[in-house]
Amino acid sequence: MREQARITAVLGPTNTGKTHHAIERMLAHRTGVIGLPLRLLAREVYDRIVEKRGPSVVALVTGEERIVPERTQYWVCTVEAMPLEIGADFVAVDEIQLCADPERGHVFTDRLMNARGLQETLFLGADTMRGAIAALEPRAQFVSRPRLSQLSWAGSKKISRMPPRSAIVGFSVENVYAIAELIRRQKGGCAVVMGALSPRTRNAQVALYQNGDVDYLVATDAIGMGLNLDINHVAFSSTVKFDGRRMRPLIPNELAQIAGRAGRHMNNGTFGVTGEARPLSEEVIDAIENHRFEPVRKLQWRNANLAFGSVDRLIASLEQQTHQEWLTRVRDSDDVLALKALAEMPEIRGTVSAGHEVRLLWDVCRIPDFRGISSNEHAGLLARIFGFLRQGAPVPNDWLATNIARIDRTDGDIDALSKRLAYIRTWTYVAQRKGWTHDESHWRNETRAVEDRLSDALHARLTQRFVDRRTSVLLRRLKQKETLVAEVNDKGEVTVEGEFIGRLEGFRFRQDTSASPDEARTLRQASLQALRPEFHLRADRFYNAPDTEIDFTEQGGLMWGTQAVGKLVAGPEPLRPQVEPFVDEEAGPDVAEKVRRRLQHFIDRKVNALFEPLLKLQQDEALTGLARGFAFRMVESLGVLPREQIAQEVKDLDQDARGALRKHGLRFGQFTIFLPLLLKPAPTRLRLVLWSLAQGLQEFPESPPPGLVTIPNLPDVPREHYILAGYRPAGARAIRIDMLERLADLLRAKDSRAGFEATPDMLSITGMTLEQFADLMQGLGYKAERGERAKIKPMPPAAEAPSTAAEGPAEAAESPAEPAAAEPAAPPAEPSSTAEATIEMENEVFYTFTWAPRPRGNQSRDRGQPRGNRPAREGQGEAPAAQGERREGQGDRPRREGPKGDRPGKPKGKGKPQGKPEGTKTYSARPPRQEKIDPDNPFAVLAALKDRK
């Protein structure tokens, strides 16, 4: 029957539908076997047939995978694993031109010469095999299939300019990884396909490309063997490869086999080069485009009739030469080299003699060297396995489990996982051999499960390293013109299609900075499309937000919560600032205008609320003449004006003008003219911002913390900044303006000519120590004389006499300047039945302050005394010019206010003594009086001291 079976060679270039034709022909028969060049392609064809006939009648047999149902009708295999003894009605061998391959060609040649179906045999491949097939099988009929699409040369392209749906081909793992990394940075990612990948990993990677998650594929020449992918362009990164022995250039038909993956079905394709690959010659380009190649003249061959009488005879049969002109003996492959290595081992050469042992040894030597570590290590592993099997027992479970467990780990990088996958393939191959393990089903499932876990982990690492899923997903959505919807969480993080793309700060989008330049363009394009509706929704929410959610910063920024939405800019007047919104141009003019209007409403209301007294002063039309001009000066200075700057204007104001200004809350202080309501923290903060805007400053002064009476007077801070902040520099510190005026009220009651001491009220108002207060007074123009004196500290008596408590206080004496020096020793007191009080003396520091302003030309920035005389105390009215005001140039000493006879320091009427002004030195020559003193009565103590002096 085999002699009468039809033998057909279906020849033609790639993309001619040869494999599809073979599947259809096989399914037309009751049984069939098809041999494919790659495990990956075998899995793809197996899945296609299962879809049509179901898994119960389709078998998959490869070196590391074996799925054989009980009622198998159709066998899908790698060429090496084809079952030739089952007598199938149909037999097909794909990619028959691999008969010329120096590594595996002898297997394909054997199938060409020996594999036959009972009814039909198909050989699929390139037209270069026509002569060889005709010579070795004269009965063969030839069918030519033209290419369904056109293939043309596209020249050299940079990877950055590579069109979508392109495959870049490399011939080493390092080259493939380098190209994939470059594409990820520039294009968002790519899929990686290599022959060493497991079918599971390869299918997952191909799915990334076929589904459109990525637009680029980086692969080895494995894609040239029948993998049907939607590729429009194939680019060679190199035109030389390592064939296992040496680096050699690819011949034209090998280039055509790979380039032919471009342009599937009726779509035209292109091919070219990239990177460091040189452009192809005109002859090679013409051969690829027109599918004209040199015919195959020699097929690789190895004797298939092996002698198993002994190891030497087996080796001799494998080295047998051929006399067929179309055939040439293949070089020693890995299995022959392994056999020769084991044959040299003494424990094998001298003990293996029986035919079944030699056959077993040959079967063990055919275990592929998936690990690729070294030939000696591989030979050692084979010897160990053979040692188990030759004893008639399978490989021990514990030994097999230990080796598999060592591999069953999903941690590590791509290289580590790839090595583990190669190692597990060895044990998968062992588990597929019948009789080599105790429980074949268990170990097949176990090794398959480990391979699946490693495959999934490897796919995840490949995707993580070479695919920017964010960019790829967004590119696919943009390409499909789908509507993108942005989601913004409470932190402002923006996600599109579940991918983080940046942050929305107010109305400005801050793109993720971790993206490469090419990724950034994609992110920008996708984000703007997705955020356009979000900008409008956010603008509506902002426009309706209350003023409590909006605020300004001390540097003129405008905030909506924690997000910057604009800034203040100078307006036509200091009290009429303008706003500049922070809105991306892509949000549109409508959004920008809505944000601007809302910000302008906010700042206008804020100015009107905080500067209401000043605005009313500005708008009061009842003010005329000098009063109106004075009001203009106050508005210009934003409600705080040092008196020395307008001393003449103050003098020129009559009482009616001053009264009209006071109705608006204006206070004429001794040092500053100000509106007290504008010294609160909120108006002060805004005043500094408005003044800085009007002055065009780049960095605005900050307002002091609220509640402080004094702050440090820093030398590098301009005096004007302190005045605007509501403080007046004086000495080492600056004192708040309103507290300074309260201090000035206390100072008016003192005789600044004769001198006075600081009172507790003065220290309390300023919150200073005596030394700090002295420095402050010097900054205000006073002279501070330091002195020491005895401090009176009465000691309680041992027993208090009744008559002592009845005594009234003596007449109050003036405080002595140097009591310790002036007090003579007292004579012994008269004997008494009660103990007299004693007085303990200790020194204390005091300061005497007198008015002593520095010359005008030598006044410093922070210590200058206001020019002109001191004004009358607020609330008592302005003194007439003859009493309350002195003309400019009459001297710097301030004149005491109030009518004559009401000068401070002298008692007003009779009654309780008022005491002499503190600091006045007086001496008394009267001998001290010897009388009992009540220590609890300070007036009595002072009177006693006076009498003694």
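What follows is a working chat about a predicted model of a single chain.

Colleague: I'm new to this one, so how many helices and strands are there in the chain?

Modeller: The predicted model has 31 helices and 34 strands in its chain.

Colleague: And what share of the residues count as buried?

Modeller: Of the 949 residues, 49% count as buried, while the chain as a whole exposes about 44,900 Å², with carbon and sulfur atoms supplying 49% of that area.

Colleague: Among contacts between residues at least 6 apart in sequence, what percentage join residues at least 24 apart?

Modeller: That share is 69%, counted among the contacts in the chain between residues at least 6 apart in sequence.

Colleague: Let's get specific, then. Why is helix H3 described as largely enclosed?

Modeller: Helix H3, which covers residues 105-114, is largely enclosed by the rest of the structure because 8 of its 10 residues are buried. The buried ones are Gly 105, His 106, Val 107, Phe 108, Thr 109, Asp 110, Arg 111 and Leu 112.

Colleague: Switching to charges: how many salt bridges does a search of the whole structure find?

Modeller: The search finds 55 salt bridges, and one of them joins Arg 43 to Asp 47, with the closest N and O atoms 3.8 Å apart.

Colleague: How far apart are Arg 43 and Asp 47 along helix H2?

Modeller: They are 4 residues apart in helix H2 (residues 39-53), so about one helical turn separates them. In general, an α-helix has 3.6 residues a turn, so residues three or four places apart point the same way.

Colleague: Is Arg 43 buried or exposed? And what about Asp 47?

Modeller: Arg 43 counts as buried, because its relative accessibility of 16% falls under the 20% limit, whereas Asp 47 is partly exposed at 30%.

Colleague: Which residues are linked with those two in a network of salt bridges?

Modeller: Arg 43 and Asp 47 belong to a network that also takes in Glu 65, Arg 200, Arg 448, Asp 452 and Asp 456.

Colleague: What other pair does Arg 420 make?

Modeller: Arg 420 forms a salt bridge with Asp 411, and the closest N and O atoms of this pair are 3.6 Å apart. Arg 420 is buried, with a relative accessible area of 10%, while Asp 411 is partly exposed at 38%.

Colleague: And which residue does Arg 576 meet?

Modeller: The side chain of Arg 576 meets that of Glu 573 in a salt bridge, at 3.9 Å from N to O. Here Arg 576 is partly exposed, with a relative accessible area of 45%, and Glu 573 is also partly exposed, at 35%.

Colleague: New topic, cysteines. How many disulfides does the count come to?

Modeller: The count comes to 0 disulfides. Looking at individual cysteines, Cys 99 counts as buried at 0% relative accessibility, and Cys 190 is likewise buried, with a relative accessible area of 0%.

Colleague: What about the surface, where is there a nonpolar patch?

Modeller: Val 240, Phe 242 and Met 247 form a nonpolar patch there, with about 290 Å² of accessible area together. Val 240 belongs to strand S14, which covers residues 240-242, and it counts as partly exposed, with a relative accessibility of 33%.

Colleague: Speaking of strands, what is the order in the sheet that holds S27?

Modeller: This is an open sheet of 3 strands in the order S27-S29-S28, with antiparallel pairing. Its edge strands are S27 (640-642) and S28 (667-668), each of which pairs on one side only.

Colleague: How many bridges join S28 to S29?

Modeller: There are 2 bridges between S28 and S29 (residues 672-674), and these strands run antiparallel. Phe 668 stands opposite Ile 673 of S29.

Colleague: Last one: where is Ser 160?

Modeller: Ser 160 sits in the loop between strand S9 (151-156) and strand S10 (166-169), and it is partly exposed, with a relative accessible area of 35%. Leaving aside neighbours within four places in sequence, Ser 160 is in contact with Gln 186 and Lys 187. From Ser 160 to Leu 182 the C-alpha to C-alpha distance is 8.7 Å, and these two residues are 22 apart in sequence.

Definitions and conventions. Residues are numbered from 1 along each chain as its sequence is written. This is a predicted model: local features need pLDDT of at least 70, side-chain atom pairs count only at pLDDT 80 or more; totals for chains, interfaces and linings use all residues. Side-chain values use heavy atoms; hydrogens and water are left out. A disulfide is a pair of cysteine sulfur atoms within 2.5 Å. Buried means under 20% relative accessible area, exposed over 50%, partly exposed in between (1.4 Å probe, protein chains only). Patches are made of residues with over 30% relative accessible area and no salt bridge: like charges are joined within 9 Å, nonpolar side chains (Val, Leu, Ile, Met, Phe, Trp, Tyr) within 5 Å. Accessible areas come from the Shrake-Rupley method with a 1.4 Å probe; for residues, only the protein chains shown count as cover. A salt bridge is a side-chain nitrogen of Lys or Arg within 4 Å of a carboxyl oxygen of Asp or Glu. Contact means heavy atoms within 4.5 Å. Two strands pair if DSSP finds at least two bridges between them.
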